[in-house]
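Please look over the sequence and the structure shown here before reading on. The briefing that follows is arranged by topic and begins with a single side-chain contact.

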Amino acid sequence: MPSPVYPALIALAAVTACSAPGTAMRLGANGRPVPVVYRISEQDVPRIQARMRDAINTVRAQTGLAPVELSIELTSAAATHARDMSIQGRQWHFGSDGSSPIDRVNRVGYRGSFLGETLSETYETELETLTAWLDRRDTRAIILDPRAREIGFSWFQEPTGRLWWVLTTGVSAQV
C-alpha cells in the first residue's frame, strides 16, 4: 500500500528535477525515455546533499518527526564507506578493513550516537535512491527513526557512472 508521504516526495522530486545535474530527459524513436547517466561534479555536492536532507525532512515532517541536519562527521564516514564499497565491488556494511559503521563514525570523531546506515549501488539519482530506501521496511525505519537528528550523506561515482550511495543517521551528544 503506498505511503501517504510519497506525494510530497514526488512533488519535491519534480520541483528539483529541473536543477538536478544530468537529468535532462531524452526520448527515443519509440517515444520512451532514453537512459542518461547521472553525472555528479564537485560543484553539485552541496546541492545534492541539501536536496537529500530536504527530501528526508519532507518525509519526516509528513510523519510528525523532527527534522535532521547534515553532520560533517557522519558525512565523512559515509564518504569513506562509499569509496570503499566501490573498491570492494559490493554493497555491504563492512569496510575492507573489517570496520563496522560504528567503527567508521568513531574514527571521524562523531561524539553522538550512531543509529543506522543505508546503502545503495545504482545509476539512479539521490531522490530515486531515497524513494527506493523508503520502499523497504528496514531502510525506511533507519530514515524515519524518531531519535535521528543528524545525517551523513555521501557517494562515490565510478567512471562508468555507477554510484555508491551511503546515508548514516545519528543523534548528537547534546540532545
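## A buried glutamate and its surroundings

In this predicted model, the side chain of Glu117 makes a polar contact with the side chain of His93, at 2.6 Å.

- Because its relative accessible area is 5%, where buried means under 20%, Glu117 counts as buried.
- Leaving aside residues up to four places away in sequence, Glu117 touches His81, His93, Pro101, Arg104, Ile142, Val166, Leu167 and Thr168.
- Thr118 is also placed in strand E4, and with a relative accessibility of 0% Thr118 is counted as buried.
- With residues up to four places away in sequence again set aside, the residues that Thr118 touches are Trp133, Thr139, Ile142, Trp165, Val166 and Leu167.

**The four-stranded sheet**

- The open sheet consists of four strands in the order E3-E5-E6-E4, and its pairing is mixed.
- Strand E3 (69-70) and strand E4 (113-122) are the edge strands, and each has a single partner strand, so that one side of each is left without a neighbour in the sheet.
- E4 and strand E6 (residues 163-171) run antiparallel and are joined by nine bridges; within this pairing, Leu119 stands opposite Val166 in E6, while Phe114 has Gly170 in E6 as its bridge partner.
- E5 and E6 are likewise paired in the antiparallel sense, over eight bridges, with Gln157 standing opposite Leu163 in E6.
- E5 and E6 form a hairpin with five residues between them, and Gly161 in the turn has a positive phi of about 105°.

**Burial of strand E6**

- Nine of the nine residues of E6 are buried, so this strand is largely enclosed by the rest of the structure.

- Helix H5 (residues 126-135) lies across E4, E5 and E6, and runs at about 115° to E4.
- The buried residues Glu126, Leu127, Thr129, Leu130, Trp133 and Leu134 belong to H5.
- These residues cover an arc of only 155° around the axis, which puts them on the same side of H5.
- In an α-helix there are 3.6 residues a turn, so residues three or four places apart point the same way.
- Trp133, one of the buried residues of H5, is also among the residues that Thr118 touches.

**The chain as a whole**

- The protein chain contains six helices and six strands, and its elements follow one another from the N terminus as α-β-β-α-β-α-α-β-α-α-β-β.
- Of its 175 residues, 46% count as buried, and the chain exposes about 9300 Å², of which carbon and sulfur atoms supply 56%.
- Among contacts in the protein chain with a separation of 6 or more, 67% are accounted for by residues 24 or more positions apart.

Key: Residues are numbered from 1 along each chain as its sequence is written. This is a predicted model: local features need pLDDT of at least 70, side-chain atom pairs count only at pLDDT 80 or more; totals for chains, interfaces and linings use all residues. Side-chain values use heavy atoms; hydrogens and water are left out. Helices (H or I, at least four residues) and strands (E, at least two) are DSSP runs, numbered from the N terminus. Buried means under 20% relative accessible area, exposed over 50%, partly exposed in between (1.4 Å probe, protein chains only). Contact means heavy atoms within 4.5 Å. Accessible areas come from the Shrake-Rupley method with a 1.4 Å probe; for residues, only the protein chains shown count as cover. Two strands pair if DSSP finds at least two bridges between them. Axes are lines fitted to C-alpha atoms, for helices over the stretch in contact, and angles run from 0 to 180 degrees between N-to-C directions. The arc is that of the directions from the helix axis to the C-beta atoms. A polar contact is a pair of N or O atoms within 3.5 Å; within protein, one must be able to donate a hydrogen and the other to accept it, and residues adjacent in sequence count only if both atoms are side-chain atoms.
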